[in-house]
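User: I am new to reading structures. Can we go through a cavity and a helix pair together?

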Amino acid sequence: MADELIFRAERSFKSIPSTSWSRLAGASRSASALPYNPFVSHAYLSSLEESGSATERTGWLGHHLLLETADGILLGAVAGYLKNHSQGEYVFDQGWADAFERAGGDYYPKLQCAVPFTPATGPRLLVAEGNDRDMIQPALAEGLKELTRQTGISSAHITFLPKDEIAVFETDGYLHRTDQQFHFINEGYSDHDAFLETLASRKRKGLKKERRAALEGGITIDWLTGKDLTEEIWDQFFAFYMDTGSRKWGRPYLTRKFYSLIGERMADDILLIMAKRDGRYVAGAINFIGGDALYGRHWGCIEDHPFLHFEVCYHQAIDFALAKGLNRVEAGAQGEHKLARGYLPVTTHSAHFIAHPGLSRAVGDYLERERQEVEQMGEILSEHSPFRKGERQDN
């Protein structure tokens, strides 16, 4: 069968039929081998492209690797981008780029296999339902290396991939990098109060006080999804995003059109948690609903209120996950302040192929030390969790 397989790189999701992409495990609710991950869906990825958010102009030139049969049936894929910078990735390699360029090399362009602007773990080696994952996934990993060599670029980086895919890449000689995020794990709690009962008394009282304080001044919270997501609502949320994003990043990544497109194509996969005061919305956070997880992405506000960020982004997300029976909440990159609110340290993974042997050795040595530091930090942070001792296991 291997002789019948064909690799090709495709620049645009417009040229990839959504019906073919939806057969990839994890990319649709109907594909059952993996829990649905909204960020690898055709709807999400094509919206990033068509909205002008992730395009050649913004430094994200599509270079998606497809593995097909001779008659064009899609067996596997990796969403990838040729990039001339390292922005919007949340796994930082600017130091590697600086060192290589000081030594006379060209680090950019590079191949980035990730979901643009989205630090959420999800499948990267996508395999169509009914096919042999043990054959297709290693073929895709090797195909990325060959694509890197053929295009003459410096490297390929696969970020925020699940732990079970790391073994595929390490077997093929990729470098393994780790980092940390903070996730809420649902241990079968009936509601938020049941979760709070597992915390140390002082922490429990502190969080209850924080939640009450966040809603002072007549603030109420709405959960908006599906048909609730009108263009008027998107206008309001985009104003929050632009105000906060401009102060945080200088230039926000996502365009207004992006929100219209995802509202049209995947509204049932979206949860807006919106805070209202005096009859108008003043803050909100966007979340995406997966098959087993709620993914918090970004928030914005046009009024500052104490603790409102924590309520909207973390406490309400837990409320929703428990109400819908989701296994966890992934609240985005970084943020040790999440620990006190029941989000525990979880290791994230990425894989890296660097074509230049010298740079690869140097980065490999660095990553070995970094992995040890990440592991040690995770142990230290777990010791400072808000849970009563013995109440839950480390993740």
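User: Which residues line the largest cavity?

Analyst: A cavity is a set of points, on a 1 Å grid over the protein atoms alone, where a 1.4 Å probe fits but cannot get out; lining residues have an atom within 4 Å of a point. Here the lining is Tyr-90, Phe-92, Phe-160, Asp-179, Gln-180, Gln-181, Ala-333, Gln-334 and Thr-348. This is a predicted model: local features need pLDDT of at least 70, side-chain atom pairs count only at pLDDT 80 or more, and totals for chains, interfaces and linings use all residues. Residues are numbered from 1 along each chain as its sequence is written, and side-chain values use heavy atoms, without hydrogens and water.

User: Which strand gives the largest share of that lining?

Analyst: Strands are DSSP runs (E, at least two residues), numbered from the N terminus. Strand β9 (residues 175-185) gives three residues, the largest share.

User: What volume does the largest cavity have?

Analyst: A volume is the space filled by probe spheres set on the points, with grid points joined across faces, edges and corners. For the largest cavity that is about 70 Å³. The model has three cavities of 30 Å³ or more.

User: At what angle do helices α4 and α5 pack?

Analyst: Axes are lines fitted to C-alpha atoms over the stretch in contact, and angles run from 0 to 180 degrees between N-to-C directions. Helices are DSSP runs too (H or I, at least four residues). Helix α4 (residues 133-151) and helix α5 (residues 163-171) pack at about 60°, with axes 9 Å apart. So α4 is oblique to α5. Oblique is what remains after under 35 degrees (roughly parallel), over 145 (roughly antiparallel) and 65 to 115 (roughly perpendicular).

Conventions
On a 1 Å grid over the protein atoms alone, a cavity is a set of points where a 1.4 Å probe fits but cannot get out, and a pocket is an open set with protein on both sides within 12 Å along at least five of seven lines; lining residues have an atom within 4 Å of a point.
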